[in-house]
Each structure stands twice: as C-alpha cells, then as structure tokens.
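Me: I have a protein model open and I'd like to go through it slowly with you. Could we look at the picture together?

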Amino acid sequence: MKKNILIILSAIIIIILVGCQKKEEVSTYEQDRVAQYILDNVELVEGNEIKKIEFLEFEKNASTQIWEIAVELNSSYSLLLSEDRLAENLRFSGFYSEEISIRKQEKRTINKNNIEIIYVKDRK
C-alpha cells in the first residue's frame with residue numbers, strides 16, 4: 001500500500017515539474033530568420049508577390065520536441081514549417097500546392113524590409 005502511494009506521489013510530482021518548466025521564448029530575430037527563409041524559397045502560384053507574413057504559431061511540441069511554425073502569407077495563404085532546434089534547418093511541412101510553390105534550385109533573395117511582418121505574440 002505504501003509503495004503504491006509513493007508511486008502515485010512520484011508521478012504527481014513529475015507531472016507538476018514538467019508543467020512548470022520554463023517555456024522557451026521565440027525572439028523576433030528567429031522569426032525574421034524564418035521570414036527571410038520563406039521569401040527566399042516560396043513563390044505564390046498566382047504570381048502575386050508576398051507582401052505580408054503573419055506568424056500565427058511558433059511553438060515547441062512537448063512530445064516530439066520539434067518547433068512547429070504556422071504562417072499566413074498575404075492574409076490568404078497558409079504555410080507550415082518545422083525545425084528540430086531553433087536556428088537549425090527549416091523544412092516545409094504543409095501547404096497547398098495550388099497556392100504555393102517551393103523553389104527547389106533557383107534561390108533568390110528578397111529584402112524583408114519591404115514586407116510587413118506580424119510577429120507571434122508572446123504567450124505566457
């Protein structure tokens with residue numbers, strides 16, 4: 001009986017400690033890096049230029065430890081990216097091929113200063 005109570009208390013303490021871990025914050029520098037990556041590698045299929053990048057989500061999945069990034073382009077197109085660790089290689093994980101095209105070989109650099117960027121809000 002005492003052993004069962006000890007196991008239950010240990011499990012509760014572990015759950016509380018995991019829940020109280022400090023959440024990693026995403027800087028505007030990291031979001032700017034992702035925005036530049038999108039500008040360098042994404043084209044809108046209709047030929048429209050990317051004028052606005054809005055970060056909807058930039059969070060670490062607790063179970064997989066992978067950063068998940070949800071972005072909306074020009075208030076119309078959805079794009080999902082992921083990366084294992086901040087400042088590492090980004091990968092596209094979801095988009096509609098009818099709306100967005102990924103450049104495979106020819107990369108170009110677009111200055112992000114001409115683009116409206118809306119950063120994800122800091123959630124605490």
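Me: Among contacts between residues at least 6 apart in sequence, what percentage join residues at least 24 apart?
Reply: In this protein that share is 54%, where contact means heavy atoms within 4.5 Å. Before we go on, please keep in mind that this is a predicted model, in which local features need pLDDT of at least 70 and side-chain atom pairs count only at pLDDT 80 or more, while totals for chains, interfaces and linings use all residues. Residues are numbered from 1 along each chain as its sequence is written, and side-chain values use heavy atoms, with hydrogens and water left out.

Me: OK, and how many helices and strands are there?
Reply: The protein has two helices and seven strands, and from the N terminus on the elements run α-α-β-β-β-β-β-β-β. Here helices (H or I, at least four residues) and strands (E, at least two) are DSSP runs, numbered from the N terminus.

Me: How many residues does helix H2 have, and how far does it reach?
Reply: Helix H2 covers residues 28-41, which makes 14 residues, and its first and last C-alpha atoms are 20 Å apart, close to the 20 Å expected at 1.5 Å a residue. The expected span is 1.5 Å times one less than the number of residues in the helix.

Me: Which residues of H2 are buried?
Reply: The buried ones are Glu30, Gln31, Asp32, Val34, Ala35, Ile38, Leu39, Asp40 and Asn41. Buried means under 20% relative accessible area, exposed means over 50%, and partly exposed lies in between, with a 1.4 Å probe and protein chains only. Of the 124 residues of the whole protein, 30% count as buried.

Me: Some of those are charged. What does the side chain of Glu30 meet in a salt bridge?
Reply: Glu30 pairs with Arg33 at 2.6 Å, N to O, a salt bridge being a side-chain nitrogen of Lys or Arg within 4 Å of a carboxyl oxygen of Asp or Glu. Both residues lie in helix H2, three residues apart, about one turn of the helix. As a general point, an α-helix has 3.6 residues a turn, so residues three or four places apart point the same way.

Me: Which other residue does Arg33 form a salt bridge with?
Reply: Arg33 also forms one with Glu83, where the closest N and O atoms are 2.6 Å apart. This pair links distant parts of the chain, with Arg33 in helix H2 and Glu83 in strand E4 (residues 77-83), 50 residues apart. Glu83 is buried, with a relative accessible area of 0%.

Me: How many salt bridges does the structure hold?
Reply: The structure holds four. Among them is the bridge between Arg91 and Asp84, whose closest N and O atoms are 3.0 Å apart. Salt bridges that share partners join Glu30, Arg33 and Glu83 into one network.

Me: New topic: which residues touch the most other members of the largest nonpolar core?
Reply: In that core of 25 residues they are Ile38, Val42, Ile53, Phe55, Leu73 and Leu81. The elements giving two or more residues to this core are H2, strand E1 (42-44), strand E2 (52-60), E3, E4 and strand E6 (100-102). A nonpolar core is a set of buried Ala, Val, Leu, Ile, Met, Phe, Trp, Tyr and Cys residues joined through side-chain atoms within 4.5 Å. In soluble globular proteins, nonpolar side chains tend to be buried together.

Me: Last one: where does Asn74 lie?
Reply: Asn74 lies in the loop between strand E3 (67-73) and E4. A polar atom of the Asn74 side chain is 2.8 Å from the backbone oxygen of Glu49. Not counting residues up to four places away in sequence, Asn74 touches Leu44, Glu49, Ile50, Lys51 and Lys52.

Definitions and conventions: Polar contact = N/O pair within 3.5 Å; in protein donor to acceptor, adjacent residues only side chain to side chain.
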